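Please read it alongside the sequence and the coordinates.

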Amino acid sequence: MRRWIILSMLILGYQASLWAQQASIKGRVVEALNNEPMPFVNVIVSGTSVGTITDAEGNFELKGLKPGFVRVQASFIGYHSALSSEIEVSNAKIVFIEIRMEKRDTEIEEVTVNASPFRKTEESPVSLKTIGIAEIEKSPGANRDISKVIQSFAGVLSSPSFRNDIIIRGGGPSESRFYLDGVEVPNINHFATQGASGGAVGILNADLIREVNYYSGAFPSNRGNALSGVFEFAQVDGNADKLRFRGSLGAAEVSATFDGPLSEKTSFIVSARRSYLKLLFTALKLPFLPTFNDMQFKVKTRFDAKNELTFIGLGALDQNELNLDIKNPDEQQTYILGQLPENNQWSYTLGGVYKHFRENSYQTLVVSRSQLSNTATKYLENDESSESNKILDYTSQEVENKIRFENNMRMDGFKANIGANIDFAQYGNTTLQKRFYDGNILNVNYDTELNLIKYGIFGQISHEFLAERLTLSAGFRMDANNYSSGMNNPLKQFSPRISASYQLTPEWSLNLNTGRYFQLPAYTTLGYQQNNEFVNKDNLKYISVDHFIGGLEFKPATAVQFSVEGFFKNYQDYPFSVNDQISLANKGADYGVIGDEEVTSTSKGRAYGAEFQARISSAKGYNLNLSYTLVRSEFQDGNNQYIVSAWDSKHILSMTGSAALKKGWQIGSRFRFVGGLPYTPYDMNRSTLIEAWNLRGGPYFDETRLNSQRYPAFHQLDVRVDKAWYMKKMTMKLYLDIQNLYNFQAESQDFLVREEDANGNFLTADNGTRYVLRSVNNTSGTVLPTIGIQIEF
């Protein structure tokens, strides 16, 4: 004990000398279009007086900085002021950054310093949010999981379940696309729901992320196949100075990150993580035992000022076992063990991005390969002694090889981007399962191999008018594939879009966007077979949605933003389940597979509402993100009547705030309120039938009463305290994160369990054809403290 007291006194006494050390930044400023170095540019650390001027090669160095998160601003006559992404500086390493500056269309006589951390582009003046690394690293309740951080932003639904579903503005969880340094990544979550976007834990390691651009509308034309959201994740470059290490121990995993130079022109960064949830869940006697592993890397080479090549990789390996060693499981454990299959899943994405810069343009070539493998098995009563007990045997693979070319250019004040893409996709599925519909058993037994060629072309042009007060942008894309004759005509998928932004005053701006977007149904739907036939081939179309968005933005200061947006989304040709008689837009927020069934492209839907967001990103370390969304989401039922969808939460409120204190301390909190979501009652007549229950190990929903009930509202408070020690040779961080501080109990749909007699035999009725079922109250919620540590040297 005495030793610990002495050690604590030494650490506290050493604080002054720790903070006396000074951090440094090295970087360069280049012209965004041609990558030429820019000399004599004024560079300053935002919010401070620390600054310098770039040399003849565009290089700069900033010294004497206080450790922590900062941004660097660059200003030069004839160019828009540029603000770097958020970076963390420390005494233990020198940070390298690159700032890209864009020419103004109109010459001005003096430099205007007005760069804002809240980005707005010509193509996307509305519905675009930029998430900095500080928000990711220290977001309360998120534990550095980017997928959970996203749920703090306007329009994104969060729920009390331990899932990372991306549900935006009333759309379904399968309507978003993800890009990592320009390479499309099909999935960003472990234990992913095949056919949707959700999962249990995010794959992306925050150690490698620089910032995130989140689009809830106004999608650029080079980002296709999305209906509700596009996410662009930008990664940091490896350290160009020397080899560095960062180790983390978090809520569920341990990770290691290395970065450094491979040569004078090449840098790398690589990370690996492994969870220890299986050990933890075994000790807690939970009914499932998950283990996840992932790896992520980036290698970047600058051959010269005009050519650069980046390789990226992301991979995951997930295993979920059932904990059958629990003695005398309770009712909740019994319910989960009866329904949940054992599952193995792995996925990877490898990609290369080549950029070539010219005088007034640059070209980008992206080549990538992604693969997902998913297997699941389930036995009745988890009895593997006989193959006759097997009620699910599922094996599936999705492979995508993608090529995309873009040409970005400027001509007489016009900014343009044109390009094309071609994808070669393979989908394989072997399924053995029995399903119960309308009193009959449907044998689902097929082995499918589907090969697709998908292609598209796109273009966008933008221009500023009226001394840069009015900005207009128009774009289009067309997509097609060889799945069927109905999908092979790109004109049927003609996707126009137009944006406008008018600066009413220096602080106020009016922003508008409208567009039509298309998305291909999931491979699970395209490849579904019955009697060795692709039963959906003649019925499927691309899903379409029309967006109408208008917004008003107010920036009283560089680091302060208030915005209000109204939106309306009109869906057409959504897949509609033939057997369940519901739109697939209602599915996807659960584990397993979505879309492997017979459907028709006949469902219509609409989502509409308004968003308010207030953001403060102070250079002094004070941050606030307050968002409120009023949203309604409705899709047609089997009678072509609009009813609320499973995502009709009505109200979404999120408030996240943090403050950097002295000597490396930081505190933060996040409050969430979500209106009660609709749910569908159980079909007791079908669920009690022994032959029906035994096919899935659980109850069935009454789709004739789809979303007719509604849960109570959900709310939760998370808090976090961080402490950082910035030493000369090493940085160490500790954090305490407490989720659900006041122990809110969220209500979920009751469990249905089978009644047993004194000997443990299941009770039956109707001459032994039905189980006797009992409802069990289902609430969730607990105070969840987490301690994490990070070490960097």
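## The surroundings of Thr-731

Once neighbours within four places in sequence are left aside, Thr-731 is in contact with Ser-90, Ala-92, Trp-725, Tyr-726, Gln-790, Ile-791 and Glu-792. The model is a predicted one, and in it Thr-731 belongs to strand 42, which covers residues 731-739. With a relative accessible area of 3%, Thr-731 is buried, because a residue counts as buried under 20%.

## Nonpolar cores

The largest nonpolar core holds 31 residues, and those with the most contacts inside it are Ile-136, Ile-146, Ile-150, Leu-180, Val-212, Phe-231 and Phe-233. Two or more residues of this core come from each of helix 3 (133-137), helix 4 (146-150), strand 11 (176-180), strand 12 (183-185), strand 15 (209-215), strand 16 (229-235) and strand 21 (307-322). Another core, of 21 residues, lies apart from it and has Val-41, Ala-82, Val-89 and Met-101 among its members.

Which residues surround Phe-231, when its neighbours within four places in sequence are left aside? Phe-231 is in contact with Ile-150, Ile-166, Ile-168, Ser-176, Arg-177, Phe-178, Tyr-179, Val-212, Asn-213 and Tyr-214. Of these contacts, Ile-150 and Val-212 are also listed with Phe-231 among the core residues that have the most contacts.

## A nonpolar patch on the surface

Nonpolar side chains are also found on the surface, where Phe-303, Tyr-354, Leu-365, Val-367, Ile-403, Phe-405, Phe-424, Ile-453 and Tyr-455 form a patch with about 710 Å² of accessible area together. The elements that contribute two or more residues to the patch are strand 23 (361-379), strand 24 (390-411) and strand 26 (440-465). Ile-453 lies in strand 26, and with a relative accessible area of 34% it is partly exposed.

## Strand pairing

Strands of a sheet pair through backbone hydrogen bonds, in either a parallel or an antiparallel sense.

## A loop residue

Gln-641 is placed in the loop between strand 35 (622-636) and strand 36 (642-644). Is Gln-641 buried or partly exposed? Its relative accessible area of 48% makes Gln-641 partly exposed. Leaving aside neighbours within four places in sequence, Gln-641 is in contact with Phe-635 and Gln-636. The C-alpha atoms of Gln-641 and Lys-604 are separated by 9.6 Å, the two residues being 37 residues apart along the chain.

## Salt bridges

Side chains of opposite charge can pair when their charged atoms come close. A search of the whole structure finds 55 salt bridges. In one of them the side chains of Asp-145 and Lys-148 meet at 3.6 Å, N to O; Asp-145 counts as buried at 9% relative accessibility, and Lys-148 is buried with a relative accessible area of 18%. Arg-177, which was named above as a contact of Phe-231, forms a salt bridge with Glu-184 at 4.0 Å, N to O, and both Arg-177 and Glu-184 are buried.

Lys-587 and Glu-597 form a salt bridge whose closest N and O atoms are 2.9 Å apart. Both Lys-587 and Glu-597 lie in the loop between strand 33 (560-577) and strand 34 (599-617), so the pair ties together parts that are ten residues apart in sequence. Glu-597 is buried, with a relative accessible area of 6%. Elsewhere, a network of salt bridges links Arg-28, Glu-98, Arg-100, Asp-181, Asp-237, Lys-298, Lys-300, Arg-302 and Glu-308.

Note on methods: Residues numbered from 1 in each chain as written. Predicted model: local features only at pLDDT ≥ 70, side-chain atom pairs only at ≥ 80, totals over all residues. Heavy atoms only, no water. Patch = residues over 30% accessible without salt bridge, like charges linked within 9 Å, V, L, I, M, F, W, Y side chains within 5 Å. Areas by Shrake-Rupley, 256 points an atom, 1.4 Å probe, with all protein chains shown as cover. Helix = DSSP H or I, 4+ residues; strand = E, 2+ residues; numbered from the N terminus. Buried < 20%, exposed > 50% of the residue type's maximum accessible area, 1.4 Å probe, protein only. Core = buried A, V, L, I, M, F, W, Y, C linked by side-chain atoms within 4.5 Å. Contact = heavy atoms within 4.5 Å.
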